[in-house]
Amino acid sequence: AVLFDMDGTLVISHPCHALAYRLLSKELGIKISDKKIEEYMRTPSEISFHQFAKDFHTKQSPEWLVNKKRKIVKQCSVGKNYFAPNALRIIQELKQKGLKLGIVTSSGRKSLDIFLPKSFQKNFKAIICLEDVKHIKPLPEPMKKILKKLKLNPNQVLMVGDSVSDLIAARKTKIKAIGITTGLSSSIANATLKTISSCLPDGAS
């Protein structure tokens, strides 16, 4: 099986999230730097807005802020395609090889539904989101959970992600991993497919 992270791997959603932070901050009368936005975006909104509320002493609760940002993200994403270049082709080619596919993301289910159409989600045998675990990546719980769902051992699986947390979580679960850069050109996509094929453990399914 091949497992994928979502943000920065299957979809390039960061620009949309950054814009949502800016628009929300502007609505609240808060001046926020790009550096601060980047810091918040390193963790899921459900976690980062607790720090946001403390930093700016907002009257609104973290839960209200999360829901408000999610509405902005949804509005910004209407009619737009945030798939990483060649992501659709890679998924289809791996499916044609008969491999099971999964998603392990630290994003919430509602965020996943915004960026990944239901029709695309059907390509994956299992999806683990923020709500499915107590501890997100880089801790190994999400990886262990998806292994259980897929009924596979670590030596039958490969993880593909763009962040250090993806690679650490995989290593802690004894799963082979490939770190990729975003914005895949056609040639890099071809190389990624070759790398996936060469790194797949014996007995991968």
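Asn-86 counts as partly exposed because its relative accessibility is 23%, where partly exposed is the range between buried (under 20% relative accessible area) and exposed (over 50%), with a 1.4 Å probe and protein chains only. The model is predicted, so local features need pLDDT of at least 70 and side-chain atom pairs count only at pLDDT 80 or more, while totals for chains, interfaces and linings use all residues. Residues are numbered from 1 along each chain as its sequence is written, and side-chain values use heavy atoms, with hydrogens and water left out.

**Overall makeup**

- The protein chain holds 10 helices and five strands; these are DSSP runs numbered from the N terminus, helices being H or I of at least four residues and strands E of at least two.
- Of its 205 residues, 48% count as buried.
- Among contacts (heavy atoms within 4.5 Å) in the protein chain with a separation of 6 or more, 66% join residues 24 or more positions apart.
- The accessible surface of the protein chain is about 10700 Å², and carbon and sulfur atoms contribute 53% of that; areas come from the Shrake-Rupley method with a 1.4 Å probe, and for residues only the protein chains shown count as cover.

**Helix α1**

- The 14 residues of α1 should span 20 Å at 1.5 Å a residue, and its end C-alpha atoms are 20 Å apart, which agrees; the expected span is 1.5 Å times one less than the number of residues.
- Buried positions in α1 are Cys-16, His-17, Ala-18, Ala-20, Tyr-21, Leu-24 and Ser-25.
- These buried residues pack against α2 (34–40), α3, α4 (62–77) and α6 (109–115).

**Packing of α1 on α3**

- Two packed helices are described by the angle between their axes and the distance between the axes.
- The axes of α1 (residues 14–27) and α3 (residues 45–56) come within 14 Å and cross at roughly 35 degrees; axes are lines fitted to C-alpha atoms, for helices over the stretch in contact, and angles run from 0 to 180 degrees between N-to-C directions.
- Tyr-21, Leu-24 and Ser-25 from α1 meet Ser-45, Ser-48, Phe-49 and Phe-52 from α3.
- By class, this contact has four nonpolar, three polar and no charged residues; Ala, Val, Leu, Ile, Met, Phe, Trp, Tyr, Cys and Pro count as nonpolar, Asp, Glu, Lys and Arg as charged, and the others, Gly among them, as polar.

**Val-66**

- Val-66 sits in helix α4 and counts as buried because its relative accessibility is 9%.
- Leaving aside neighbours within four places in sequence, Val-66 is in contact with Ser-45, Glu-46 and Phe-49.
- His-50 and Val-66 are 16 residues apart in sequence and 9.3 Å apart in space, C-alpha to C-alpha.

**Backbone features in loops**

- Asn-86 lies in the loop between α4 and α5 (87–96), and its phi is near 70 degrees, a positive value in a residue other than glycine.
- His-57, in the loop between α3 and α4, has a positive phi of about 50 degrees although it is not a glycine.
- His-57 counts as exposed because its relative accessibility is 69%.
- The peptide bond from Lys-137 to Pro-138 is cis, with omega near 20 degrees, and Pro-138 lies in the loop between β3 (126–128) and α8 (141–150).
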